[in-house]
Amino acid sequence: MIKLIEISGDGCAGCHALLPSLNAVASEFGLAAERIDVESSPEAIEKFHVERIPTVVLADGDKIIAKCSGYQPEEILSLWVEAKLQAYSSGK
């Protein structure tokens, strides 16, 4: 199952602002949405190669399809997800 994951921190304002957009975009594309807090799951930093938070990961199971860092407005996040899903499905 393809999912949209936000890797974030509790003290990160951009992370909290991004979460509603992430959930809306996940719903728009029929994806699962997940939030991983780096304080409670520090292994996520290594697993997803996180350099800064928030980081959004588009993943198919354990396979990373794409990722981006920083706050993204909902419209931009939606366009990004659409492009990455199209590229992923055409590359299978």
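Me: Where is the place of Gly11?

Reply: Gly11 sits in the loop between strand 1 and helix 1. A word on the source: this is a predicted model, in which local features need pLDDT of at least 70, side-chain atom pairs count only at pLDDT 80 or more, and totals for chains, interfaces and linings use all residues. Residues are numbered from 1 along each chain as its sequence is written, and side-chain values use heavy atoms, with hydrogens and water left out.

Me: What makes a stretch a helix or a strand?

Reply: Both are DSSP runs, numbered from the N terminus: helices are H or I with at least four residues, strands are E with at least two.

Me: Why is Gly11 called exposed?

Reply: Exposed means over 50% relative accessible area, buried means under 20%, and partly exposed is in between (1.4 Å probe, protein chains only). Gly11 has 81% relative accessibility, so Gly11 counts as exposed.

Me: How far apart are Gly11 and Glu39 in sequence and in space?

Reply: They are 28 residues apart in sequence. In space, C-alpha to C-alpha, they are 9.9 Å apart.

Me: How do you know that a disulfide joins Cys12 to Cys15?

Reply: A disulfide is a pair of cysteine sulfur atoms within 2.5 Å. For Cys12 and Cys15, the S to S value is 2.4 Å. The structure holds 1 disulfide. Its link is right-handed, with 80° about the S-S bond of Cys12 and Cys15.

Me: Where does Cys12 lie?

Reply: Cys12 lies in the loop between strand 1 and helix 1. The C-alpha atoms of Cys12 and Ala83 are separated by 27 Å, and these residues are 71 apart along the chain.

Me: What makes Glu34 and Lys3 a salt bridge?

Reply: Side chains of opposite charge can pair when their charged atoms come close. The rule for a salt bridge is a side-chain nitrogen of Lys or Arg within 4 Å of a carboxyl oxygen of Asp or Glu. Glu34 and Lys3 are at 3.3 Å, N to O. The value is within the cut-off, so the pair is a salt bridge. The pair links distant parts of the chain: Glu34 is in strand 2 (residues 32-37), Lys3 is in strand 1 (residues 2-8), and they are 31 residues apart. By this rule the count comes to 4 salt bridges.

Me: Why are Glu34 and Lys3 called partly exposed?

Reply: Glu34 is at 30% relative accessibility, so Glu34 counts as partly exposed. Lys3 is at 24%, so Lys3 counts as partly exposed.

Me: Which residues are linked in a network of salt bridges?

Reply: Asp10, Arg35 and Asp37 are. Arg35 and Asp10 have their closest N and O atoms 3.1 Å apart. This pair links distant parts of the chain: Arg35 is in strand 2, Asp10 is in the loop between strand 1 and helix 1 (13-28), and they are 25 residues apart. Asp37 and Arg35 meet at 3.4 Å, N to O.

Me: Is Asp37 buried or exposed?

Reply: Asp37 has 8% relative accessibility, so Asp37 counts as buried. Arg35 is at 31%, so Arg35 is partly exposed.

Me: Which peptide bond is cis?

Reply: The bond from Ile53 to Pro54 is cis, with omega near 0°. Pro54 lies in the loop between helix 2 (43-47) and strand 3 (55-60). His49 is placed in the loop between helix 2 and strand 3.

Me: Why is His49 called exposed?

Reply: His49 has a relative accessible area of 51%, so His49 is exposed. Phi of His49 is near 55°, a positive value in a residue other than glycine.
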